[in-house]
Amino acid sequence: MMASFGQESRRHPRSRGRTWSRTGPDRATLGIIGVVCAVAGFFALGIVLGPAAMVCGWLAMGRSWAGSRSVPAVVALVLGAIDTLLALVWLVGAAGPGYGMF
């Protein structure tokens, strides 16, 4: 009898809970990436990393406000919004008089 390399799994289809697409990152990973971007944005490139954290948080939440939300996704969304707002305030303040622009 020949060994069946990988043919055994065809007899038993995947369970209903394991049918998601495996091409993109899962929601937990996106939430963690968003939190890392938000925290790093407080120190450098907040105008770029803040919106990136918000996008990662939104995708980690499943692109909806309804249903259960993971904690890292909400943290990434909130910190990303704060980070973006602070970066915009800093940019507007730096462009004002008294900082050598005019």
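The protein chain has three helices and zero strands. From the N terminus on, the order of elements is α-α-α. Please keep in mind that this is a predicted model. Of the chain's 102 residues, 21% count as buried. As for contacts between residues at least 6 apart in sequence, 60% of them join residues at least 24 apart.

I will start with α1. This helix covers residues 27–41, which makes 15 residues. From its first C-alpha to its last, α1 reaches 21 Å, close to the 21 Å expected at 1.5 Å a residue.

Which residues of α1 are buried? They are L30, G31, G34, C37, A38 and G41. These residues cover an arc of only 125° around the axis, which puts them on the same side of α1.

What covers the buried residues of α1? The cover includes α2, residues 46–60, and α3, residues 71–94.

That brings me to the pair α2 and α3. Their axes are 7 Å apart, and the two helices pack at an angle of about 155°. Angles over 145 degrees count as roughly antiparallel, and α2 and α3 are therefore roughly antiparallel to each other. Their crossing is left-handed.

Now the residues at this contact. On the α2 side we have G46, I47, L49, G50, P51, A53, M54, G57, W58 and A60. They meet A73, A76, L77, G80, A81, D83, T84, A87, L88 and L91 in α3.

I will take one residue from that list and look at its surroundings. T84 has its place in helix α3. Is T84 buried or exposed? Its relative accessibility is 14%, and the cut-off for buried is under 20%, so T84 counts as buried. Leaving out residues up to four places away in sequence, T84 touches G46, G50, P51 and M54. G46, G50, P51 and M54 are also among the α2 residues that meet α3.

To recap: α1 has its buried residues on the same side, and α2 and α3 are among what covers them. The pair α2 and α3 is roughly antiparallel, with a left-handed crossing, and T84 is one of the α3 residues that α2 meets.

Definitions and conventions:
Residues are numbered from 1 along each chain as its sequence is written. This is a predicted model: local features need pLDDT of at least 70, side-chain atom pairs count only at pLDDT 80 or more; totals for chains, interfaces and linings use all residues. Side-chain values use heavy atoms; hydrogens and water are left out. Helices (H or I, at least four residues) and strands (E, at least two) are DSSP runs, numbered from the N terminus. The expected span of a helix is 1.5 Å times one less than its number of residues. Buried means under 20% relative accessible area, exposed over 50%, partly exposed in between (1.4 Å probe, protein chains only). The arc is that of the directions from the helix axis to the C-beta atoms. Contact means heavy atoms within 4.5 Å. Axes are lines fitted to C-alpha atoms, for helices over the stretch in contact, and angles run from 0 to 180 degrees between N-to-C directions. Angles under 35 degrees count as roughly parallel, over 145 as roughly antiparallel, 65 to 115 as roughly perpendicular and the rest as oblique. A crossing is left-handed if the near helix is turned anticlockwise from the far one by less than a right angle, and right-handed if clockwise.
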